[in-house]
Amino acid sequence: MSDPSSSKIHPSSIVDEGAVIGQGTAIWHFSHICSGAVIGKDCSIGQNVLVADNVILGSGVKIQNNVSIYGGIIVEDDVFFGPSCVLTNVTNPRSQVSRKTLYEKTLIRRGATIGANATIVCGITLGRYCFIGAGAVVTKNVPDYGLVVGNPGKLFGFMSRHGHKLKFNDSNHAICPESNYRYQRAEEEVRCLDLDEDKPLPDELSVGSESYDDFKSTK
Ligand SMILES: CC(C)(COP(=O)(O)OP(=O)(O)OC[C@H]1O[C@@H](n2cnc3c(N)ncnc32)[C@H](O)[C@@H]1OP(=O)(O)O)[C@@H](O)C(=O)NCCC(=O)NCCS
């Protein structure tokens, strides 16, 4: 394990020998980090979370309670896992057939949000800053900023980096009501015109000021 003094690990959690935990990462109650896991810095790992062998979590990842991250899942920086969301790593599991060397890759890209109780079927990519609604069952790749809801999950629109639905005008431009960042759409490809997807948010835009519904009703 990496230097435990640089991270905050509740005594009820088990971090196996060999796991790497980044500086400033907090691991709350009753969680298990397996020996081959690598967790970046400034992450928050909630209660009853499993991070399996060979999982790599980026930095700034937030995992709410009751989530298992299995081998084969790659998580980039700043991903949000809602409570009790479900990830998978074998499409056709059978108790009588071992497929431990056949885990399917799921890539969860920077800044993605997975809503509470959503299920992500393995072998897909969730794009940067995509937003998976609560309870969705996602079976296909999701584009950057894509908003997916329902079962089966369908692309319902696009969410800004601050988590607001983007309303595109006839010129395919939209403005996030919270950050005022401009977005441009070309079919299913959305880009932010004002901040590179790989850059962090500036400090002044990193703390929410109004609720989602307030923005919806006024902007
Ligand atoms: C996806 C989400 C952001 C949409 O919120 P919203 O903009 O307020 O949505 P609305 O209430 O305007 O709903 C618009 C339509 O989508 C439907 N809808 C909204 N969220 C849905 C969801 N998660 N699954 C299926 N349908 C959904 C609504 O029923 C409504 O349908 P209708 O037009 O037929 O009546 C929100 O519902 C959501 O799932 N947030 C994630 C919350 C979460 O998991 N947080 C975890 C941290 S605690």
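1. Let's start with strand E25, residues 189-192: Val190 and Cys192 make up its covered face, while Glu189 and Arg191 sit on the uncovered one. Strands here (E, at least two residues) and helices (H or I, at least four) are DSSP runs, numbered from the N terminus. Please keep in mind that this is a predicted model, in which local features need pLDDT of at least 70, side-chain atom pairs count only at pLDDT 80 or more, and totals for chains, interfaces and linings use all residues. Residues are numbered from 1 along each chain as its sequence is written.

2. E25 belongs to an open sheet of three strands, ordered E23-E24-E25 with antiparallel pairing. Strand E23 (173-175) and E25 are the edge strands, each pairing on one side only. From one strand to the next, the twist averages 25°; axes are lines fitted to C-alpha atoms, for helices over the stretch in contact, and angles run from 0 to 180 degrees between N-to-C directions. Two strands pair if DSSP finds at least two bridges between them.

3. You can follow the bridges strand by strand. E23 and E24 are antiparallel and joined by three bridges, and isoleucine 175 stands opposite arginine 182 in E24. Strand E24 (residues 182-186) is joined to E25 by four bridges, again antiparallel, with glutamine 184 opposite arginine 191. The hairpin of E24 and E25 has two residues between the strands, and there glutamate 187 takes a positive phi near 55°.

4. A second open sheet has nine strands in the order E1-E4-E7-E10-E13-E16-E19-E21-E22, with mixed pairing. Strand E1 (8-9) and strand E22 (154-158) stand at its edges with a single partner strand each, so one side of each has no neighbour in the sheet. Within this sheet, strand E7 (residues 44-45) and strand E10 (residues 62-63) pair in the parallel sense over two bridges; isoleucine 45 has isoleucine 63 as its bridge partner in E10.

5. Phenylalanine 131 is worth a look, in strand E19 (residues 131-132). It is buried, with 26 other C-beta atoms within 10 Å; the cut-offs are 20 or more for buried, 12 or fewer for exposed and partly exposed in between, with C-beta atoms placed from the backbone. Beyond its neighbours within four places in sequence, phenylalanine 131 is in contact with Thr113, Leu147, Met159 and Gly163, contact being C-beta atoms, placed from the backbone, within 7 Å.

6. Asparagine 66, between E10 and strand E11 (68-69), has a positive phi near 65° and is partly exposed, with 18 other C-beta atoms within 10 Å. Aspartate 78, in the loop between E12 and E13, has a positive phi near 60° but is buried, with 23 C-beta neighbours inside 10 Å. Finally, the peptide bond from asparagine 151 to proline 152 is cis, with omega near 0°; proline 152 lies in the loop between E21 and E22.

Methods. Contact = placed C-beta atoms within 7 Å.
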